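Have a look at the sequence and the fold first.

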Amino acid sequence: MIKHIVMWKFKENEEEKMNEFLEGLNKLKNIIPEIKNMETGVNINPKNEFDAILISEFETMKDLETYKNHPEHIKVSNLCKSIRTDRQAIDYEI
């Protein structure tokens with residue numbers, strides 16, 4: 001099982017688009033069958049550097065790549081790219 005974790009920092013005053021992005025990301029659970037589990041969250045601690053997180057699980061790295069290259073994921077990702085200032089990610093096997 002592969003765990004894929006991503007954190008984002010967004011531009012100031014982009015809360016509405018951030019929420020739109022996270023909603024779109026969560027909808028992918030019902031569109032992309034390779035997603036085994038997915039959750040998103042918005043940071044509640046102002047001392048933390050990042051604004052939102054994705055924690056998702058896939059059976060294999062190939063499934064993760066299928067997810068990343070899916071046209072619906074690309075649409076959601078493009079919205080994110082237009083409003084983010086930073087992104088960090090890690091993939092690991094569990």
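Predicted model: local features only at pLDDT ≥ 70, side-chain atom pairs only at ≥ 80, totals over all residues.

Which residues does Ala-52 touch, not counting those up to four places away in sequence?

## The overall fold

The protein has three helices and four strands, and along the sequence they come in the order β-α-β-β-α-α-β. Its radius of gyration is 13 Å, close to the 12 Å that the globule rule gives for 94 residues, so the protein is as compact as a globular protein of that length. The C-alpha trace spans about 35 × 25 × 20 Å along its principal axes.

Take the contacts in the protein with a separation of 6 or more: 72% of them join residues 24 or more positions apart. As for burial, 34% of the 94 residues count as buried.

## Surface and charge

The accessible surface comes to about 6,000 Å², and carbon and sulfur atoms own 47% of that. On the charge side, there are 14 positive and 18 negative side chains, with the centres of the two sets 2 Å apart.

## Ala-52 and what it touches

Back to the opening question. Ala-52 sits in strand 3, and with neighbours up to four places away set aside, it touches Val-6, Met-7, Trp-8, Phe-10, Met-18, Leu-22, Gly-41, Val-42 and Asn-43. Ala-52 counts as buried because its relative accessibility is 4%, and the cut-off for buried is under 20%.

Glu-34 is another story: 18 residues separate it from Ala-52 in sequence, and the two C-alpha atoms are 22 Å apart in space.

In soluble globular proteins, nonpolar side chains tend to be buried together. Here the largest nonpolar core has 21 residues, and the ones touching the most other members are Trp-8, Phe-10, Phe-21, Leu-25 and Tyr-67. At least two residues of this core come from each of strand 1 (2–10), helix 1 (15–27), strand 3 (52–58), helix 2 (61–69) and helix 3 (71–83).

Leu-25 is a handy one to click on. Leaving out residues up to four places away in sequence, Leu-25 touches Trp-8, Met-38, Thr-40, Leu-54, Tyr-67, His-73 and Val-76.

Lys-68 belongs to helix 2. Is Lys-68 buried or partly exposed? At 27% relative accessibility, Lys-68 counts as partly exposed. Beyond residues up to four places away in sequence, Lys-68 touches His-4, His-73, Ile-74 and Asp-91. Tyr-92 is 24 residues from Lys-68 along the chain, and their C-alpha atoms are separated by 16 Å.

Lys-36 is found in the loop between helix 1 and strand 2 (37–42). Lys-36 is partly exposed too, with a relative accessible area of 45%. Setting aside neighbours within four places in sequence, Lys-36 is in contact with Met-1, Glu-57, Phe-58 and Glu-59.

Most residues other than glycine have a negative phi. Asn-13 is not a glycine, yet its phi is positive, about 60 degrees. Where does Asn-13 lie? Look in the loop between strand 1 and helix 1. Asn-13 is exposed there, with a relative accessible area of 67%.

Definitions and conventions. Residues numbered from 1 in each chain as written. Heavy atoms only, no water. Rg over C-alpha atoms; globule rule 2.2 N^0.38 Å. Buried < 20%, exposed > 50% of the residue type's maximum accessible area, 1.4 Å probe, protein only. Contact = heavy atoms within 4.5 Å. Areas by Shrake-Rupley, 256 points an atom, 1.4 Å probe, with all protein chains shown as cover. Lys, Arg positive; Asp, Glu negative; His and termini not counted. Charge placed at Lys NZ, Arg CZ, Asp CG, Glu CD. Core = buried A, V, L, I, M, F, W, Y, C linked by side-chain atoms within 4.5 Å.
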